[in-house]
Every structure is written in structure tokens, then in C-alpha cells.
Amino acid sequence: MKKEIVKQAFIKTIPVMAGYLVLGVGFGVLLAKIGYGPLYAILMSVTIYAGSMQYVAISLIDSAASLISVAITTLLVNGRHLFYGLSMLEKYQNIKRKPYLIFGMTDETYSLLCQEESKEEDYYFYITIFNHCYWIIGCLTGNLIGTLIPFNSAGIEFSMTALFVAIVVEQWLTTKDHLPAILGFVSAIVCLILFGPEHFLIPAMLAIMVLLIVIRKGGNENE
Amino acid sequence: MNNYFPLLQIITISLVTMLVRFSPFLIFNKQEKLPDIISYLGKVLPTAIMAMLVVYCLKDVNITIFPYGLKELIAVLVVAMLHIYKRNTLLSIVCGTICYMLLIQLF
């Protein structure tokens, strides 16, 4: 039974494995370039475990940014995770290993778990820890031997985009109410145009929240 | 590299990231029943966020210069079409990624 859950979780995480290994290797190489070795690669991938933030961290470390600006940058880059937690509150109620599951809730882990209807705790746990392991292995490998990899892997990072596209299509096919998906897409595009690629996520999330609340009110009045 | 300042920076990033991830649970944990609005958002946010993340992944694509984001568009369509026909997540991702890699490396 347990074996079955581990297997299910593993299969589910294969796309993330491809993405994380590539992004992790990319991070490891960059970290090595500014002069930090495997210990730092392990420390960062284990304790920070946030893909895009670790890329930003490289330039923060390299420029010896003050702790205040490090904290503010982290808030801005990772602020979106606040909203992930909001939608996992009910699912993660009464779960023993909750602290680790919350700690490990990256974009990709969230994307795999938010579509699941009430699965067993073990399933959530294995998905989270498998993804964390891929990330650590990727970062470490890149840091140690990244520049030696002969295979032309240009474009393989698209697996992450493909994962999100497949999830959106799947959700579209299984739900009747398509308004949240359309709102998310349109808000993101509008905010991308208004605020640019570096700063659009937080305004987009706020716009999505406000719009979702507004359409809910509208819906109630019609009833 | 020979001082401990980078370590402090890493600890700061780690703590702030955890703060962000844990705060919804810390704020709402004590309540027996979640406020209606929060449990409503919990149901509709995931779909909206996933659509947003697709845009996030493609945010650096420049559609004003050649090839106008066509490679990304083609690969996204391959994933979407394949998924509509086969409903197999892994298959959609693998084929879409191979298609994108070929487009990037050959053209």
C-alpha cells in the first residue's frame, strides 16, 4: 500500500524532476562562478529551497547586499507563496508533517498538490520530499560538474512551462467554471504589460484576489 | 567567501521565505472553521494561480522581435492539444519539451 503511494507520487513528480535538475544545475554553475563551493550549494538548496529566489540570491551575495535589502527582496520575490498557503489551509488541516509540507511548498510542488482531492498524507509528503531532493541534487551537481556536461540541453527548462500548461488544460477540462482561470490569465498579462517582467507577480496576485472576491459577490446577488 | 556575511544573508533569505510560506497557516490555524471568504478563495485561487504561472514562465519572451515568441507558442500549443486528446500529463510535457528543444536548437 505504502509502496503504491510512493510510486504514484514518484510518477507525478517526473516532470518536476526534469525541470528542477536543469534549473538546479543552472543555479549550481552560477554559484560556482562567483566562487562558492558545494557546501553553499547544499546549504542554500536545503534551507532556502525557492528556485527563482536562489538565482536572485547569487547576485545579492556577490554584491554583499545588506540584510535589510536581502529581506525585502525575498519578500517581493516570494510574496506569491502567501496565496498558495491560503488555498492549502483546509487540505493541510490535521496533518502530522505539516511544517515540512509548508516549508517545501514551491510553485511546482503547489501545482502538483493543489489539484489533488483529499489524498493521504503520505502522498503529499512524498511529492514534497521527492521534489526537494531533485532540487538539492540539481544544485549540487551543477556546482560540482556543471560546466562539464556535454549534452546540449538548451530549451529543456521548458518542461516547467509545459507542466503548468498541462495543469491549466486539465483543470479547464475538469471544471465548469472557467472564470477563475480566465481572470488569472488576463490579470497576469495586463500586469505584465503595466509593471514589466520583474515586478508583475504581486500586483497580478492582488488583482486576482480582488476580482475573485468581486465576482463572488456578484454571483450571490444573482441567486 | 572567507567571512560569515554570506551565511547571514542565506539565513535571512531562508527565514523570510519560511515566514511567507507559514504565515497563512499561523494566522488561520487557531480557528475551528475558516471564514467563508477564505475557503472560497482556497477553492478558486489554484486555477487562477496556475494560469498566472504560465504567464510567469513566458514573461521573458520578446514578441516584438523575430521570431515573435512563435517557438514558445508552438510548443505551448503542442502541450495543450496533446493534453486535450490524450489527457496524459507526462506525455504532454515530454512531447512539448522535446518540440521546444528542437525549435530552439535547430532554428
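In which helix of chain A does A:M209 lie? The residue A:M209 belongs to helix α11 (residues 201–222) of chain A. The model is a predicted one, in which local features need pLDDT of at least 70 and side-chain atom pairs count only at pLDDT 80 or more, while totals for chains, interfaces and linings use all residues. Residues are numbered from 1 along each chain as its sequence is written, and chains are lettered from A and ligands numbered from 1 in the order in which they are written.

A:M209 is partly exposed, because 18 other C-beta atoms lie within 10 Å. In this scheme a residue is buried if 20 or more other C-beta atoms lie within 10 Å of its own, exposed if 12 or fewer, and partly exposed in between, with C-beta atoms placed from the backbone. The C-alpha atom of A:M209 is 9.9 Å from that of A:P180, although the two residues are 29 residues apart along the chain.

The overall build of chain A can be described next. Chain A has 11 helices and zero strands; here helices (H or I, at least four residues) and strands (E, at least two) are DSSP runs, numbered from the N terminus. The radius of gyration of chain A is 19 Å, close to the 17 Å that the globule rule gives for 223 residues, so chain A is as compact as a globular protein of that length. That radius is taken over C-alpha atoms, and the globule rule is 2.2 Å times the number of residues to the power 0.38. The C-alpha trace of chain A spans about 60 × 50 × 35 Å along its principal axes, and 43% of its 223 residues are buried. Chain A is divided into domain 1 (2–156) and domain 2 (175–223), with bounds that come from an automatic or database domain assignment. Taken over C-alpha atoms, the centres of these two domains are separated by 26 Å.

A compact globule of 107 residues would have a radius of gyration near 13 Å, but the value for chain B is 21 Å. The C-alpha atoms of chain B fill a box of roughly 50 × 50 × 30 Å along the principal axes, and 37% of the 107 residues count as buried.

How do the two chains meet? In total, 72 residues of chain A are in contact with 59 residues of chain B, where contact means that two C-beta atoms, placed from the backbone, lie within 7 Å. On the side of chain A that touches chain B, helix α9 (residues 158–174) of chain A gives the largest share, 14 residues. The residues of that side divide into 50 nonpolar, 18 polar and four charged. For this count Ala, Val, Leu, Ile, Met, Phe, Trp, Tyr, Cys and Pro are nonpolar, Asp, Glu, Lys and Arg are charged, and the others, Gly among them, are polar.

The largest nonpolar core has 92 residues, and those with the most contacts inside it are A:F164, B:A48, B:M52 and B:V54. Such a core is a set of buried Ala, Val, Leu, Ile, Met, Phe, Trp, Tyr and Cys residues joined through C-beta atoms within 7 Å. Helix α2 (residues 36–57) of chain B provides the largest share of this core, 13 residues. Domain 1 and domain 2 of chain A both give residues to the core, so the core lies between them. Leaving aside neighbours within four places in sequence, B:M52 is in contact with A:G184, A:S187, A:A188, A:A204 and A:I208.

Helix α2 (residues 38–47) of chain A has A:Y40, A:A41, A:M44 and A:S45 as buried residues. These residues cover an arc of only 120 degrees around the axis, which puts them on the same side of the helix; the arc is that of the directions from the helix axis to the C-beta atoms. They pack against α1 (2–33), α3 (51–62) and α8 (121–145) of chain A together with α1 (5–28) of chain B.

Some backbone details complete the picture. Most residues other than glycine have a negative phi, and most peptide bonds are trans. A:A64, in the loop between α3 and α4 (67–78) of chain A, has a positive phi of about 50 degrees although it is not a glycine. In chain B, a cis peptide bond joins B:F66 and B:P67, with omega about 0 degrees. B:P67 sits in the loop between α2 and α3 (70–86) of chain B. B:Y68 is found in the loop between α2 and α3 of chain B, and its phi is near 55 degrees, a positive value.
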